[in-house]
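This report walks through one model, from its sheet to its charged pairs. Have the sequence and the coordinates open while reading.

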Amino acid sequence: MLRDATQETFELFDVTDPDPEHVEDMTIGATPEQVGIVCEQYDIDPDIFWRTRDRRLSLAQQEEARAGRKTFYDDLDVLADLNVDMGIVSSNQQETVDFLLEHFELPVEFGTAYGREATIESLDRRKPNPHYIDLALSDLDAENALFVGDNESDIRAAERAGIDSAFIRRPHRRNWELNVWPTWDIDNLDDLRHILN
């Protein structure tokens, strides 16, 4: 779905047969340097291309949510029982984060929610950069925090922000060999009950 949306982005710039590696590079994990190189190859303005790409990928994810194919995990109800202020920090687009929070009826209110701006510069602010975590901590006026994530970049970002972390072993991460050392390694959100009490 995301790859298709990236392919469609190229087509909007009259690039009907982009190099498959370029499509892959622009779908996940793109760096500002890669965006510049790829756009130069096709004589496309990088800033306009990236804003368009981010918009297309956000719209694709919104459609997946509307169709019921993109959902939240079923243990989210646990968060309603935790007596702590909470926020969201995502490497996804801010537009996507805002849509998902509005679209789904969540069992908890988040005091802040950050995703990336639709700019090339925001790529350098993604986790493991703690930029958005630092903003969320400031919004929540939090001195101590626990960042829960299912990616190594989440754990590295928490470490760089000087806060605790919990690596959650979602189904796609069940047997993942970590190259980082989270404060806690948990199976699901229910494990937060004993960590936060």
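## The open sheet

Which order do the three strands of the open sheet have? The order is β3-β4-β5, with parallel pairing. Two strands pair if DSSP finds at least two bridges between them. Helices (H or I, at least four residues) and strands (E, at least two) are DSSP runs, numbered from the N terminus. β3 and β5 stand at the edges with a single partner strand each, so one side of each lacks a neighbour in the sheet. On average, neighbouring strands are turned by 20 degrees against each other, direction ignored. Axes are lines fitted to C-alpha atoms, for helices over the stretch in contact, and angles run from 0 to 180 degrees between N-to-C directions.

The model is predicted: local features need pLDDT of at least 70, side-chain atom pairs count only at pLDDT 80 or more, and totals for chains, interfaces and linings use all residues. Residues are numbered from 1 along each chain as its sequence is written, and side-chain values use heavy atoms, with hydrogens and water left out.

β3 and β4 pair in the parallel sense over four bridges. The bridge partner of V148 in β4 is A166. From β3 the chain crosses through α7 to β4, and this β-α-β crossover is right-handed. That is, with the strands pointing away from the viewer, the path from the first strand over the helix to the second runs clockwise. α7 lies across β3 and β4, at about 175 degrees to β4. β4 and β5 pair in the parallel sense over three bridges. Here F167 has D185 in β5 as its bridge partner.

Side chains alternate along β3. Buried means under 20% relative accessible area, exposed over 50%, and partly exposed in between (1.4 Å probe, protein chains only).

## Helix α6

Which residues of α6 (residues 131–140) are buried? They are Y132, I133, A136 and L137. Seen down the axis of α6, they fall within an arc of 140 degrees, so they line one face of the helix. The arc is that of the directions from the helix axis to the C-beta atoms. An α-helix has 3.6 residues a turn, so residues three or four places apart point the same way.

The buried residues of α6 pack against β1, β2 (112–116), β3 (146–149) and α7 (152–161). Contact means heavy atoms within 4.5 Å. Just after α6, D141 takes a positive phi of about 50 degrees.

## Salt bridges

How many salt bridges does a search of the whole structure find? The search finds 13. A salt bridge is a side-chain nitrogen of Lys or Arg within 4 Å of a carboxyl oxygen of Asp or Glu. D75 pairs with R170, the closest N and O atoms being 2.9 Å apart. D75 lies in the loop between α4 (46–66) and β1 (87–93) and R170 in the loop between β4 (164–168) and β5 (184–186), so the pair ties together parts 95 residues apart in sequence. Both D75 and R170 are buried.

R193 and D81 meet at 3.1 Å, N to O. R193 lies in α8 (residues 192–196) and D81 in the loop between α4 and β1, so this pair ties together parts 112 residues apart in sequence. R193 is partly exposed at 29% relative accessibility, and D81 is exposed at 52%. Salt bridges that share partners also join R53, D54 and R116 into one network. R53 is buried at 5% relative accessible area, and D54 is buried at 1%.
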